[in-house]
Amino acid sequence: MTETDVVNFCMLTGNWLELHSNVEHAKSSLYGQRLVQGSLVFAIVNAMIPFDSSVLAAFYGCDKLRFLRPTFINDTLWARTEIIDLKDHDERHGVVTSKLEGINQRDETVLRCEFSLLIRKSRLDRPGEPAKIRAAHDKTQGQSA
C-alpha cells in the first residue's frame with residue numbers, strides 16, 4: 001500500500017480524515033503514523049481473489065467485516081480465502097460464501113470477513129471465445145456442447 005494509493009483514495013472518496021491524510025496529526029494518534037483507509041484495504045484484498053467471469057454473476061455481500069490490525073503505508077498485503085458455505089439462490093444461481101482474510105508482510109491478519117458471490121449454475125462461454133471454439137473444446141474434453 002503506497003502513499004499514492006492513500007492520497008488517490010482520499011481524492012476519489014472524499015475521505016480526508018486526518019488519520020489518513022495528515023502526517024503531523026497521525027504522529028500523535030494511537031499508531032503514531034497514517035493508516036490506510038479500511039475501505040481501501042477491503043477493496044484491494046477482495047480484488048486479489050481470482051474470479052472466473054464465466055461463472056461469477058455478481059458480488060452478493062459481505063458480513064462480519066472486521067479490521068483486526070491497522071494497515072500502514074508501505075505494507076504489503078495478500079489475500080487468503082476458504083469456502084465456508086454453498087447454497088442455492090434460485091434456479092440459475094447459487095451463493096458461494098468464503099472466509100476472506102487480508103494478511104500483511106508481518107503475517108498479521110489485518111482484515112477478516114465472510115465474502116459472498118452470486119454464481120451461475122451454468123457456465124457462460126469463455127469471454128471472448130467464439131461458441132464454435134468452445135463447442136470443439138468441450139467435445140475434446142468428452143463433454144456435450
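Tutor: A nonpolar core is a set of buried Ala, Val, Leu, Ile, Met, Phe, Trp, Tyr and Cys residues joined through side-chain atoms within 4.5 Å. Please keep in mind that the structure above is a predicted model.

Student: Which members of the largest nonpolar core touch the most other members?

Tutor: In soluble globular proteins, nonpolar side chains tend to be buried together. Here the largest nonpolar core has 21 residues, and Val36, Val41, Leu100, Leu111 and Phe115 touch the most other members. Two or more residues each come from helix H1 (3–13), helix H4 (38–47), strand S3 (93–104) and strand S4 (109–120). The largest share, six residues, is given by S4.

Student: How many helices and strands does the protein have, and what pattern do they follow along the sequence?

Tutor: There are five helices and four strands. Read along the sequence, the pattern is α-α-α-α-β-β-β-β-α.

Student: What part of the protein counts as buried, and what can be said of its accessible surface?

Tutor: Of the 145 residues, 32% count as buried. The accessible surface comes to about 9200 Å², and carbon and sulfur atoms account for 52% of that area.

Student: What share of the contacts joins residues at least 24 apart in sequence?

Tutor: Taking contacts between residues at least 6 apart in sequence, 61% join residues at least 24 apart. Leu68 is found in the loop between S1 and S2, and at 42% relative accessibility it counts as partly exposed. Beyond its neighbours within four places in sequence, Leu68 is in contact with Thr109, Val110, Leu111 and Arg112.

Student: Which residues are in contact with Leu111, leaving aside its neighbours within four places in sequence?

Tutor: The contacts of Leu111 are Val41, Phe42, Val45, Leu65, Arg66, Phe67, Leu68, Leu100, Glu101 and Gly102.

Student: How is a pair of aromatic rings described, and how many aromatic pairs are counted here?

Tutor: A pair of aromatic rings is described by the distance of the centres and the angle of the planes. In this protein the count comes to three aromatic pairs. In one of them, the ring centres of Tyr31 and Phe72 are 6.1 Å apart and the planes stand at 70 degrees, so the pair is edge-to-face. Tyr31 lies in the loop between helix H3 (23–27) and H4, and Phe72 in the loop between strand S1 (56–67) and strand S2 (77–88), so the pair ties together parts that are 41 residues apart in sequence. Tyr31 is partly exposed, with a relative accessible area of 40%, whereas Phe72 is buried, at 13%.

Student: What is the arrangement of Phe59 and Phe115?

Tutor: Phe59 and Phe115 form a stacked pair, with 5.0 Å from centre to centre and 25 degrees between the planes. Because Phe59 lies in strand S1 and Phe115 in strand S4, the pair ties together parts that are 56 residues apart in sequence. Phe59 counts as partly exposed at 48% relative accessibility, while Phe115 is buried, with a relative accessible area of 3%. Ring pairs also link Phe42, Phe59 and Phe115 into a cluster.

Student: Which residues form a nonpolar patch on the surface?

Tutor: Val7, Met11 and Trp16 form such a patch, with about 310 Å² of accessible area together. Trp16 has its place in the loop between H1 and helix H2 (18–21). With a relative accessible area of 45%, Trp16 is partly exposed.

Note on methods:
Residues are numbered from 1 along each chain as its sequence is written. This is a predicted model: local features need pLDDT of at least 70, side-chain atom pairs count only at pLDDT 80 or more; totals for chains, interfaces and linings use all residues. Side-chain values use heavy atoms; hydrogens and water are left out. Buried means under 20% relative accessible area, exposed over 50%, partly exposed in between (1.4 Å probe, protein chains only). Contact means heavy atoms within 4.5 Å. Accessible areas come from the Shrake-Rupley method with a 1.4 Å probe; for residues, only the protein chains shown count as cover. Rings of Phe, Tyr and Trp (its six-membered ring) pair if their centres lie within 6.5 Å; planes under 30 degrees apart count as stacked, over 60 as edge-to-face and the rest as tilted. Patches are made of residues with over 30% relative accessible area and no salt bridge: like charges are joined within 9 Å, nonpolar side chains (Val, Leu, Ile, Met, Phe, Trp, Tyr) within 5 Å. A salt bridge is a side-chain nitrogen of Lys or Arg within 4 Å of a carboxyl oxygen of Asp or Glu.
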